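Please look through the structure below.

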Amino acid sequence: MNTVVLLSRDSLLLKQLQAAFARSAPQLNAVLMDDPAAAQAQVAACWFPLPGSLGALNNLQVIHSVAAGVDHLEHDPSCPDLPVCRVVDPGHRQGMTEYVRWAVIHYHRGFDQVLQQQREQVWQRPLQRSAGQFRVGVMGLGSLGSAIASDLAAAGYSVRGWARGNKDLPGVQTFAGAEGFEAFLGGVELLINLLPLTPETRGILGSATFDRLAHGAALVNCGRGAHLRIDELEHALASGQLRGALLDVFEREPLPLEHKLWSLPGVTITPHMASAASHDCIAEQVAENVRRLNAGEPLLNTVDMTLGY
Ligand code: NAP
């Protein structure tokens, strides 16, 4: 029986994952770091592994993120140079689509304004514009971003998308690379970030980006907290360049109680809830990669760690 070691700073998640592996991948021995069998593990399934844990495992052949992103592996500086895989759960797309649909309608139909007006007992109907008159920009057109952009285009929105390489998505005007970024941002009224966190994308949500959007645009950050420059967001909100920001991800999670974002006017906080891979899907995908490893077949959902995604 192959052993998989589960590594995370989140002890509740470890228990939940262990139960899911028992249910959905009973052919594997899924153990925690304190189990002597962990030393035999060929695969580590990780979400924010504790520093030093990966480097202590001498038989590892594959490091498996249990999420869509792999940036959390940086949490363990002992992470060895081995093939890295991630989880791509179709349910991830569904969850993210639901979250983003809500955000788009919230800003497109002015619910942010009327909720504020209710607090002030103001009766004022927001201007109603058709979806086609509302320009949405999606940063990142991978597994999640392409599904979001296509969904919004099908709902009639004017959708732009941006990725590193050229894309062809029906109903979506696409832009590529650093040279296409400025043109992509022009006139966008709602910017949705679905980029992975890499050295190139860290801090990309800052003044240089906000200033190119339509005046009074809104931001939805579903990528990672370190994409956002918080002081520059504060400045853009204060000047009115941005009218609001819906933030789902933060550099420190949970967001510390004393953090200024909690009470910054125009900011809505959600607790990294946009979408999560199901624990059973994680167990099944890790098990499939263990099978492939044993059979000498190519692994699924590998990550290019030189690019960071
Ligand atoms: P993915 O399939 O790896 O797609 C990444 C996309 O970003 C690709 O389209 C890629 O372009 C583009 N990209 C990467 N670097 C770029 C750069 N420097 N300039 C322009 N475009 C760049 O990732 P995914 O599965 O869609 O997930 C995206 C991210 O969403 C994850 O990494 C994670 O941070 C976040 N996420 C958040 C939640 C949540 O609950 N909030 C849940 C899941 C995931 P190419 O296609 O041209 O390579």
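**A guided look at the model**

His92 lies in helix α2, which covers residues 90-108; helices here are DSSP runs of H or I with at least four residues, and strands are runs of E with at least two, numbered from the N terminus. This is a predicted model, in which local features need pLDDT of at least 70 and side-chain atom pairs count only at pLDDT 80 or more, while totals for chains, interfaces and linings use all residues. Residues are numbered from 1 along each chain as its sequence is written, and side-chain values use heavy atoms, with hydrogens and water left out.

His92 has a relative accessible area of 7%, so His92 counts as buried. Buried means under 20%, exposed over 50%, and partly exposed in between, with a 1.4 Å probe and protein chains only. Leaving aside residues up to four places away in sequence, His92 touches Ala68, Val87, Leu144, Ser275, Ala276 and Ala277, where contact means heavy atoms within 4.5 Å.

How many disulfides does the structure hold? It holds zero, a disulfide being a pair of cysteine sulfur atoms within 2.5 Å. Cys46 is in no disulfide, and the nearest cysteine sulfur, that of Cys79, is 7.1 Å away. That distance is too far for a bond. Cys46 is buried, at 0% relative accessible area, whereas Cys79 is partly exposed, at 26%.

Leu115 belongs to helix α3, residues 111-119, and is partly exposed, with a relative accessible area of 41%. Together with Ile105 and Phe111, Leu115 makes a nonpolar surface patch of about 260 Å².

Key: Patches are made of residues with over 30% relative accessible area and no salt bridge: like charges are joined within 9 Å, nonpolar side chains (Val, Leu, Ile, Met, Phe, Trp, Tyr) within 5 Å. Accessible areas come from the Shrake-Rupley method with a 1.4 Å probe; for residues, only the protein chains shown count as cover. A salt bridge is a side-chain nitrogen of Lys or Arg within 4 Å of a carboxyl oxygen of Asp or Glu.
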